[in-house]
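My entries follow in the order I made them.

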Amino acid sequence: MKPDEGIPLTMDAKSDRPLRVLVIEDSDDDAFLMMRELERGGYRLSYRRVDTAATLEDAIATQTWDIIFADYTMPHFSGTQALAITRKSGLDVPFIFVSGTIGEDTAVEAMRSGAQDYIMKGNTKRLLPAVERELREAGLRHEFARSEERRRATEARFRHILTMAVDAVITVDERFNIVIFNRGAERIFGYRFEEVLGRPLELLLPGQQVDVGAESWTGAGVCREISGQRKDGSRFPAEVTVSPLNEADGVSCTL
């Protein structure tokens, strides 16, 4: 099978690092030389060569890739077009130009558009170090994205729990300005969240009951009997439990 027929080729089965490579190149020989260099570096390769916009779009839509190499100038397609199609698709994998025609100024501009590196075809010894570096950085980037996704999901669940809690749950920052005010707090105090966001906690606990500098307000599980004040000015007795959250969220008060 030829790679331009759309069938991934599996090369040296003795290599132990799988790598799926999409090659945007009009020369089968040049593509094979690049793959051979990576094979020597210990990769177990599968690759597909494409040289038109349609076959590139099909390859992105139907298969998963770890890295992309692209020639800069081809008879019916260009590397800049390939880069634009790749980035527009949302595919976040290293994109490296491997070309005999790209100049330094053009290469710099291409990297500003989203390419990770460029290598001259006569200097394929740079190929393996570039691949190792870009795969490592891509792995770190993807792990960071996964961590951020997990953090956002955890935060969303946490905020949902706070929102649905029957008790008033109020979170303040290091200056004791309100940043979270759940439905229970709205019911008890008579304020909407928008009315208290960024305002001092003393609005709800007036007088000398809130000492911003007091360590007792940042100790885990501290419980106090206080007098709260509703929006209409009426006062009510309550018990407040104060617990520190993480550094970004500040201090949580539960009434």
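**Notebook: rings, charges, buried sites**

I began with a charge on a ring: the charged end of Arg17 sits over the ring of Tyr43, 4.1 Å from its centre. The rule I used wants NZ of Lys or CZ of Arg within 6 Å of the ring centre and within 35 degrees of the ring normal.

Ground rules next. The model is predicted, so I note that local features need pLDDT of at least 70 and side-chain atom pairs pLDDT 80 or more, while totals for chains, interfaces and linings use all residues. Residues are numbered from 1 along each chain as its sequence is written, and side-chain values use heavy atoms, with hydrogens and water left out.

**Overall**

I found seven helices and 13 strands in the protein chain. These are DSSP runs numbered from the N terminus: helices are H or I with at least four residues, strands are E with at least two. Of the chain's 255 residues, 39% count as buried. Buried means under 20% relative accessible area, exposed over 50%, and partly exposed in between, with a 1.4 Å probe and protein chains only. For contacts (heavy atoms within 4.5 Å) between residues at least 6 apart in sequence, 52% join residues at least 24 apart.

**Aromatic pairs**

I counted four aromatic pairs. Rings of Phe, Tyr and Trp (its six-membered ring) pair if their centres lie within 6.5 Å; planes under 30 degrees apart are stacked, over 60 edge-to-face, the rest tilted. I looked at Tyr72 and Phe97: their ring centres are 5.5 Å apart and their planes at 75 degrees, so this pair is edge-to-face. Tyr72 is in the loop between strand 4 (67-70) and strand 5 (73-74), and Phe97 in strand 7 (residues 95-99), so the pair ties together parts 25 residues apart in sequence. Phe95 and Phe97 are also edge-to-face, because their centres lie 5.3 Å apart with the planes at 75 degrees. Tyr72, Phe95 and Phe97 form one aromatic cluster. Is Phe95 buried or exposed? Phe95 is buried, at a relative accessible area of 0%. Phe97 is buried too, at 1%, and so is Tyr72.

**Salt bridges**

My search of the whole structure gave 20 salt bridges. The cut-off is a side-chain nitrogen of Lys or Arg within 4 Å of a carboxyl oxygen of Asp or Glu. Asp28 bridges to Arg49, with the closest N and O atoms 3.7 Å apart. Asp28 is in helix 1 (residues 28-40) and Arg49 in strand 3 (residues 43-50), so the pair ties together parts 21 residues apart in sequence. I logged Asp28 as partly exposed at 31%, but Arg49 as buried at 5%.

Arg146 and Glu143 meet at 2.9 Å, N to O. Both lie in helix 5 (residues 127-164), three residues apart, about one turn of the helix. Arg146 is partly exposed at 42%, as is Glu143 at 33%. I also noted a network of salt bridges linking Glu25, Asp30, Asp71 and Lys121.

**Two buried loop residues**

Which loop holds Asn182? Asn182 is in the loop between strand 10 (178-181) and helix 6 (183-189). Its relative accessibility is 4%, so Asn182 counts as buried. Leaving aside neighbours within four places in sequence, its contacts include Leu162, Asp167 and Val169.

Last, I checked Leu201, in the loop between helix 7 (193-196) and strand 11 (222-229). Leu201 is buried at 2%.
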